[in-house]
Amino acid sequence: MTDKIEVNFTVNGQPRTVRVEPRRTLGDALREDCGLTGTHLGCEHGVCGACTVLLDDAPVRSCLMFAVQAEGARVRTVEGLADGDVLHPLQQAFWDHHGLQCGFCTPGFLMLAVGVLEREPDIGEAELREALSSNLCRCTGYQNILKSVLAAAAQMRK
Amino acid sequence: MSLIGRSVRRLEDRPLLVGAGKFAADIRAPDMLTMRVVRSPIAFGWLTGFNLDEAFAHPETVAIWTGADVADIPPIGFRLTPVPGLEPYRQPVLAQEYVRYVGEPIALVFAADPYTAEDIADLVVPEIEPMAPCLDPTAPPSEFAPGLDTEAALITKAYGDLDAAFADAHAVVELELICGRHSGVPLETRGAIAVPDMASGILRMYGAAKVPHFNRQTIETMLGLPPGGIHLHEGHVGGGFGIRGELYPEDVLACAAALRLGRPVKWIEDRYEHLMTANQSRGQVHRVRAAVDERGFILGLDDEFWFDQGAYIRTHGVTVPDLTAAMLPGAYVVPAYRSVGHVRLTNKTPCGTYRAPGRFEGSFVRERLVDAIADRLGLDPIEVRRINFIPKTALPFRRNLETLGTDIVYDTGDYAGMLDKFLHSIGWEALRANAARRRQQGELVGLGLGFFVEKSGLGPFDDVRIVLESDGRIEVVTGAASLGQGVETVMAQICADGLGTGIDPIRVIHGQTDRIARGLGAFASRVTVMTGAAVTMAAEKLRHEMLAVAGRLLQTAPELLSVAGDRVIVNDAPDGPSLALAAVAQAAGGEIAAEATFTTPHMTYPYGVHVAQIRVERDSCAVVVERFFVGYDIGRAVNPMLVEGQILGGAVQGIGAALMEEFVYDDAGQPLSVTFADYLMPTIAEVPPIEVALFEDAPTPLNPLGVKGAGEAGINAVGAAIAAAVDDALGRPGAVRQLPITPSRLHALLRQKD
């Protein structure tokens, strides 16, 4: 399994070329080959969602995809959310509403929520709960994550 | 205005929000090797050898180690609660003669690339002669090793005249109760990155957590390093809950490998490994009986329990059974008591502590028992609790038991008063009426309650050093640790409050063994109590010193000065002459430092109550938690938002423990819960609105701030409350005897009725 393949995609708007084994996951390629360690690997079997990134604007598990499958795609990770020193409304809301404790699941929840709110800015609370049940958090008990996302949604609609 | 009691936003959040956190897997070093652990596929067997031919033949193999290569490294010892006779049950860093659980480290593979290291590990073939595993902790003890059986210890805690209590009893109520094996399961798996520095001769280990100073000293001893030969560094830690940060075989092995191979070594556990090797907890079977009078007052409580320790005794010694026995009586008088705990080795993953160790289990047992007493005597369960509460006037209350090397003395509290206040605040009677009405309409709806006494602030000491630097910044250095609970913010609030500054110039350093000589870390809900008290004392000293220096510069008596924000001002003339803190530090030669040590022989005892409202779905046999309420007296909350965050997170872990989470093993000892598809943790879909009522009616005199701990309040009695709620929904008191209440167990209960 040592033959490497060249893969081209953009990450947070920047073109990237990586040479990876076909079996390398997108999560590992982002972390190890692109140096973007904000995407976290919590289970590597697609349940916890800590590794969620946006692939052509859709939230995906980067542990369940091979990097080669991202050829030509637009990938967005947590590192690309803030605009310089100005946090994205979701980042700001997580801070304001204590939506994180250890912070390990946070990048995955942020990217999941960005994907959901961009697609459906007026999403109702019940549907939002359903969408957020994709990811696991072990610290917060979710209540403040929900509060954060609802607050950010209101902010983003302004 | 004091910063204590304010819900300020956390100092630690920004890097975590922008993806700049440094968790274990994010650490890299040049020329780094991956360590991959080969694990036993057999629960119990004789390890006769290995076939390593293919593994060595792989072109990218750097090294392969088996037990013989590390036979000189002693087994891992005990950090807490050792009792005589436990030594033979310690875990070797790699299996030597026997394998004792599936997942036990038996060999190591080193290669540069992690994917390749995993390939090579697949080529390592262990030769194991399987033996019959011991899986039932209640079975008669069997042989662990020649001359040693599987009962490693017997924990007995008792006081009062139990025989007289049972002789005088109006009634005796007996129960057998089972608490399932589950654990903390932090979202970040374990990891250790050992980096040798050839120039200084110091080995640095990253990925440390919870108790870096203890682990540093232990690794030094185990590897025969000189004092100061290794330093541990805690980066961001993705949750701990008691299980992460204890010293495990892999931590020691990564350090040994880095030293012997002369290269940085990185070990990152995958989730499959985590679910069969990191500490598990909670597996207990209790046979409990109570002698009661006609009012339901407990005259005597007699408990015998079996603790499913797993394959070895790890760093916690007998902490979990010790706490179980010591804290089981809870908030009740219980004039005569005995608890006998059998610590039983089984061929499963070894156990340690998990958030509220011994209390989640003990509260389940005690509160189930109180509910059973009420049912037997036809009394209201709330009333039976009131009859049994230790009265406010009896506090401080000496329990005549000890745990973790301390005498249990409940310091402050008003249990009956708090329960009344809480039930009033949640509208208990209206909730009951509503549940009864819905039951009449055919729904299976119920309410359950659990009352508990927690413990927090385990000593015996904590050191803090605070430095005002020449640029006006303030550094607080502690031996505490952060697992994501908000240590930096809380310590900065306490420091700022003591100094009179804001929190912005304050940096809090924790978990770095090269920055402070000793430290106890973060466990037992101790940091806000112990480290917070030391910060209070050190800040007071530093403020005096700052004002003395400023007084000389301003030619004003120090008592006429105060600190306001980043300046020292004259009290009577806020617009008059003042000095920047930076200038004060510069005038003192560049910095001003103060150190303090807080010591205490006693823990402090917060208390609380949980109420669950649940609905049983007949078709799916699911238990839906509709609402959950927590009342908790914390003495004094430094940051109520963070306290509430601790409680919310704990409560949801408790819901998982009560309904979903269980490590299941088959008859051969094979673990069946090794993915997140098998080990089910709550998502937001399983979590109801949780309402937290914080009380500050019983501050403690045991520390300068009056604070008690928050970490374990959310989870303590969740199992008890949900079990009672399911009973209530089914209209069958005492129906729930076992946690978790999975759909299949509930199905069996519903069938029994039919």
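Tutor: Two strands pair if DSSP finds at least two bridges between them. Helices (H or I, at least four residues) and strands (E, at least two) are DSSP runs, numbered from the N terminus. This is a predicted model, in which local features need pLDDT of at least 70 and side-chain atom pairs count only at pLDDT 80 or more, while totals for chains, interfaces and linings use all residues. Residues are numbered from 1 along each chain as its sequence is written, and chains are lettered from A and ligands numbered from 1 in the order in which they are written.

Student: What is the order of the open sheet of three strands in chain B?

Tutor: Strands of a sheet pair through backbone hydrogen bonds, either parallel or antiparallel. In chain B, the order is S4-S2-S6, and the pairing is antiparallel. S4 (98–99) and S6 (125–130) of chain B are the edge strands; each has a single partner strand, so one side of each lacks a neighbour in the sheet.

Student: How many bridges join S2 and S4 of chain B?

Tutor: Strand S2 (residues 45–51) pairs with S4(B) over two bridges. In one case, B:Gly45 has B:Val99 of S4(B) as its bridge partner.

Student: How many helices and strands does chain B have?

Tutor: Chain B has 18 helices and 31 strands.

Student: What share of chain B counts as buried?

Tutor: A residue is buried if 20 or more other C-beta atoms, placed from the backbone, lie within 10 Å of its own, exposed if 12 or fewer, and partly exposed in between. By that rule, 59% of the 754 residues of chain B are buried.

Student: Which residues of chains A and B meet?

Tutor: Residues are in contact if their C-beta atoms, placed from the backbone, lie within 7 Å. Here 45 residues of chain A contact 41 residues of chain B. On the chain A side, H2(A) gives the most, with four residues.

Student: How do the residues on that side of chain A divide?

Tutor: Ala, Val, Leu, Ile, Met, Phe, Trp, Tyr, Cys and Pro count as nonpolar, Asp, Glu, Lys and Arg as charged, and the others, Gly among them, as polar. The side of chain A that touches chain B has 21 nonpolar, 16 polar and eight charged residues.

Technical notes. Contact = placed C-beta atoms within 7 Å.
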